[in-house]
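Visitor: Please give me a close look at one part of this model, and say how it sits among its surroundings. Spell out the cut-offs as you go.

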Number of protein chains: 2
Amino acid sequence: MDLNKRLKVINIGLEGFIGAFRDTGTEYLNLNWRPPLVSPDLLKKIDLLRASEKVAKANNEAFKRLNDSEPVLIDVVQAKEAVEGMKDKTIFHAGPPVRWEDMCGPVKGAVMGACIYEGWARDLGEAESLCSSGKISFSPCHHHRAVGPMAGILSPSMYVWAVENRTYGNRAYCSLNEGLGKVLRFGANGADVISRLKWMENVLGPSLKKAVAASENGINISSITAQALQMGDECHNRNVAATGLLLKTLTQLLLKVIDDTELILELVRFIDSNPHFYLNLSMAACKSVTDAVFGLKHSTIVSAMARNGTEIGIRVAGCMDKWFTSPAGIPEGLFFPGFSQEDANPDLGDSTVSEVAGIGGFAMASAPAIVKFVGGSPRDAVECTLQMGQICHGKNTRYQIPQLNFAGTPTGIDITKVIETGITPFINTGIAHRKPGIGQVGAGILRAPMDCFIEALKYIKI
Amino acid sequence: MDLNKRLKVINIGLEGFIGAFRDTGTEYLNLNWRPPLVSPDLLKKIDLLRASEKVAKANNEAFKRLNDSEPVLIDVVQAKEAVEGMKDKTIFHAGPPVRWEDMCGPVKGAVMGACIYEGWARDLGEAESLCSSGKISFSPCHHHRAVGPMAGILSPSMYVWAVENRTYGNRAYCSLNEGLGKVLRFGANGADVISRLKWMENVLGPSLKKAVAASENGINISSITAQALQMGDECHNRNVAATGLLLKTLTQLLLKVIDDTELILELVRFIDSNPHFYLNLSMAACKSVTDAVFGLKHSTIVSAMARNGTEIGIRVAGCMDKWFTSPAGIPEGLFFPGFSQEDANPDLGDSTVSEVAGIGGFAMASAPAIVKFVGGSPRDAVECTLQMGQICHGKNTRYQIPQLNFAGTPTGIDITKVIETGITPFINTGIAHRKPGIGQVGAGILRAPMDCFIEALKYIKI
């Protein structure tokens, strides 16, 4: 210790080394340097993209759309009634496309659970046979204007939040959040999981549908998110304030349309027991926002980032529906009692739609208390937001961070900035057990890998 | 501007000058120096107090009590049924004792309103005659285990929050919050104000009483405050998260005991329309906490700080029930449209019980967004908490500030530290119009004056 205190260190590159100096009180200076990651050809391509007026114009337009989109909750409805392509024996999942045989444990667990929930199989054995038989049609949520957290499983009977982007007219969908621990989205599929899904289909969904129908003009989700960012949430892994704000609004609507205090109490208790209840609604809102830049020609702004537990994939506005994928990383974080890093499944879920829309990991500075859930220090949370500022096109004018003197959240990930700085997006995430049937084991942080950004840069046309 | 940018300034003493440098981007260094405030005799007294084991022990005990008190909401009840000394023709008010003829405009306005509300007078003329006649018995809330925000008027028929300090067994009371703008506590007294008070007596109070009675073991208020401090509140002038947390709990209890969705909706809407609804409950909780150090022999820790709009008074634990008073200052802050600094009444209310208990202005760093309501910058908010750390005995172990790496809020104002450092407590406050009958005109910040601390130091026995 004494030796350390007399040391003065200059750390070049990898930030991972800083922790030890900080913990022991050693003076250090961190030089933000990295070895060049890309070939001179690609650096030249970045220069050409930067010089292009078409690209500049497209990126300004992409930022404008991400920034001025106004997502509004307009309905709660069964997936088969609203989500394009959702038919019998169809299951949507998180992330880029993946075949049944390549799915990770928790996604397989959730898919099998959905087969039982839908009545397509009586038990896990039947469900596995059915899935292997090729009779189930699998497709990414993202291909159907939908998103799903973790395994992201959506099947025909599930209710979804329907969010409309009031500025650009498009709609997006996400399932309702089941709660914490042993839940389908983390790969659990026991009888309690299925019966909760049935209750959500028969009681929660129809009640919320009535409530939202009773709102005068829908429920403005960007307004709730903006308030929550001033109340210590970052609206990906900390949603406690946003859930409270949503619950307050829903409760008043439920009291208007349902004349049964017992039922309302049951609904309020379910929502109140889960501080992440808002997440899925926020994700639908973010999807409606990010879809507004989908296919925007010449733009180097990321329009989607999602993980299926096997691969992570990104889409870039100027590259239409093309996915650029890399193997999914493994999040590091804090684990529930009885679990550890070796139980962690690789990174999973569409919830990174939050970061693509400029919240979540990009708004970490708003949520210093989150470090008790995902690890790190409040200072790391501020540094995270500042660093994301280096890879984004601009600062959001609606989502402000009081701690940073009301600066807007970094919004619009530009692949050229990612590659030039060597800084990839931070992701806040839940952690699923790598085996099917178990559920959530923790929460943590990781960074998206660089490869998929480089592939996108190679692909994009000038 | 150019000139300013080339300047490098050392500011000695008065912080008020810093703003100009900061705003123009001028480099400055602030030297925290003040001219000696007190005579050598008093500095010597501070040394003697510091050397005394009795004083050290008493102050440690005072901090322990402030820190480990656990306030729990146990009832909502009419003042005349619970508050000691509350009889017919009795009115309690905020701050130290004050005679009718010395009361400021908004306190007179509120007193006259209470006379009409209680049916003791038919109009303001009758109310004024009655108050001048000496037939009304006036007394500070603080003398009856009660507190009240702003004018702090409590009359027999009003319902109060009844909070029990579970650790030390004492109870404390505070009226229910009426809402914003034209309300009795800010000196308004029109027909709408009186009819709202009647509704609170006939509908809100009895309903909340039923709700609290249905809770298993009361509602833990320190738990709500601790959560709210992690959600951007400081629980004096920003109570939006705390009000949401309280409402969530109350709604579930109301749904249990009242089988009338229309009535529950009316109650929920009333509470939800006022982001300060939690304030009065928090004040009752803080009073139950600070009363635990009342009269603690030899302690130099402040046990009460309150303003009646004419004077500010403090009580020190080791000085029993003695008030040390100075003329009340005038808060500076942000004003509602149509009002300005010259409309501001001098500082008013018992709400400084928050700061005495270690929240409010002392927890400003928790609530950077508050500066949009009271003025200043988020950096000022952090500096405020750090400065209050210099005059307090310790750091609260329950109330933590994520932004400061989960440091506890400064708790236990020690008059010897106030005098030695020249730093007096920060106060967050609402601002009343100086004339009766008008109401709230803004919100702001000020510091307690030094005189009352010096008087207390002179008085205290070693």
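**The core and the strands beside it**

Guide: The largest nonpolar core has 189 residues, and A:C115, A:I153, A:W161, B:C115, B:I153 and B:W161 have the most contacts inside it. A nonpolar core is a set of buried Ala, Val, Leu, Ile, Met, Phe, Trp, Tyr and Cys residues joined through side-chain atoms within 4.5 Å. Buried means under 20% relative accessible area, exposed over 50%, and partly exposed in between (1.4 Å probe, protein chains only).

The model is predicted: local features need pLDDT of at least 70 and side-chain atom pairs count only at pLDDT 80 or more, while totals for chains, interfaces and linings use all residues. Residues are numbered from 1 along each chain as its sequence is written, chains are lettered from A and ligands numbered from 1 in the order in which they are written, and side-chain values use heavy atoms, with hydrogens and water left out.

Contact here means heavy atoms within 4.5 Å.

The part to look at closely is strand 10 of chain B, residues 302-308. Of its 7 residues, 7 are buried, so strand 10 of chain B is largely enclosed by the rest of the structure. Strands (E, at least two residues) and helices (H or I, at least four) are DSSP runs, numbered from the N terminus. Strand 10 of chain B runs antiparallel to strand 11 (residues 311-316) of chain B, with 5 bridges joining them. Two strands pair if DSSP finds at least two bridges between them. Within this pairing B:M305 stands opposite B:I314. The hairpin of these two strands has 2 residues between them, and B:G309 takes a positive phi near 90 degrees there. Strand 10 of chain B is also joined by 2 bridges to strand 14 (residues 348-349) of chain B, again antiparallel; B:L348 is the bridge partner of B:N308.

In chain A, the open sheet has 4 strands in the order 12-11-10-14, with antiparallel pairing. Its edge strands, each pairing on one side only, are strand 12 and strand 14 (348-349) of chain A. Strand 10 and strand 11 of chain A are antiparallel over 5 bridges, and A:A304 stands opposite A:R315 in strand 11 of chain A.

Helix 17 (residues 451-459) of chain A bears on this sheet. Its buried residues are A:C452, A:F453, A:I454, A:A456 and A:L457. They pack against several elements of chain A, including strand 10 (302-308), strand 11 (311-316) and strand 12 (324-327).

Now the relation between the chains. A rotation of 180 degrees with 0.0 Å of shift along its axis superposes chain A on chain B, with RMSD 0.0 Å. That is the relation of a two-fold axis. The C-alpha of chain A nearest the axis belongs to A:M231, 2.2 Å from it. Superposition is by least squares on the C-alpha atoms of residues with pLDDT of at least 70 in both copies.

B:T251, in helix 10 (residues 240-257) of chain B, is buried, with a relative accessible area of 4%. Not counting residues up to four places away in sequence, B:T251 touches A:T251 and B:V268.
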